[in-house]
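Q: I am new to this protein model. Can you show me how to read its features, step by step?

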Amino acid sequence: MGRSFAYVILGGGVAAGYAALEFVRRKGDAAAGELCIISDEEVAPYERPALSKGYLLPEGTYAFSLLNTS
């Protein structure tokens, strides 16, 4: 027979990781074995660094400069 969990997070990625982290913060030691993440991803959730707007749009370039406002 399969294992049962009191709480299940459906979906993966960073959102699932943060939801699990918050769950453990709120439940403390009582959280052991109560939570399961069900996801199609091949790896466990991990922190992905946010892309910097400064890197994507170097100083002096503007995304809206291509729009015709006339």
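**Reading the model**

A: Begin with one residue. Val8 is partly exposed, with a relative accessibility of 46%. This is a predicted model, and the values here are computed from it.

Q: What is the overall secondary structure of the protein chain?

A: Count the elements, then read their order. The protein chain has two helices and two strands. Along the sequence, they follow the pattern β-α-β-α.

Q: How many salt bridges does the structure hold?

A: Start with the general idea. Side chains of opposite charge can pair when their charged atoms come close. In this structure there are two salt bridges.

Q: What is the N to O distance in the salt bridge of Glu22 and Arg26?

A: The distance is 2.8 Å. Now check the positions of the partners. Glu22 and Arg26 are four residues apart in helix α1 (residues 13-27), so about one helical turn separates them.

Q: Is Arg26 buried or exposed?

A: Arg26 is exposed, because its relative accessibility is 70% and the exposed class begins over 50%.

Q: Which residue meets Glu34 in a salt bridge?

A: Lys27 does, through its side chain, with 3.6 Å from N to O. Compare the two classes. Lys27 is partly exposed, with a relative accessible area of 31%. Glu34 counts as buried, because its relative accessibility is 19% and buried means under 20%.

Q: Where does Glu34 lie?

A: Find the elements on either side. Glu34 is in the loop between α1 and β2, and β2 spans 35-38.

Q: Which residues does Glu34 touch, not counting residues up to four places away in sequence?

A: Contacts show what surrounds a residue. With residues up to four places away in sequence left out, Glu34 touches Phe5, Ala6, Tyr7, Phe23 and Lys27. Lys27 is also the salt-bridge partner of Glu34.

Q: Where is Arg3 placed, and is Arg3 buried or exposed?

A: Arg3 is in the segment before β1. Arg3 counts as exposed, at 63% relative accessibility.

Q: What share of contacts in the protein chain between residues at least 6 apart joins residues at least 24 apart?

A: Take the contacts between residues at least 6 apart in sequence. Of these, 64% join residues at least 24 apart.

Q: What share of the 70 residues in the protein chain is buried?

A: Buried residues account for 11% of the 70.

Q: Which feature does UniProt place at residues 6-24?

A: Read a record beside the model. The unreviewed UniProt entry places a "transmembrane region" at residues 6-24. In the model, that stretch is 63% helix and 21% strand. Its end C-alpha atoms are 13 Å apart.

Technical notes
Residues are numbered from 1 along each chain as its sequence is written. This is a predicted model: local features need pLDDT of at least 70, side-chain atom pairs count only at pLDDT 80 or more; totals for chains, interfaces and linings use all residues. Side-chain values use heavy atoms; hydrogens and water are left out. A salt bridge is a side-chain nitrogen of Lys or Arg within 4 Å of a carboxyl oxygen of Asp or Glu. Buried means under 20% relative accessible area, exposed over 50%, partly exposed in between (1.4 Å probe, protein chains only). UniProt positions are given in the numbering used here, feature names are shortened, and annotations may be inferred rather than shown by experiment. Contact means heavy atoms within 4.5 Å.
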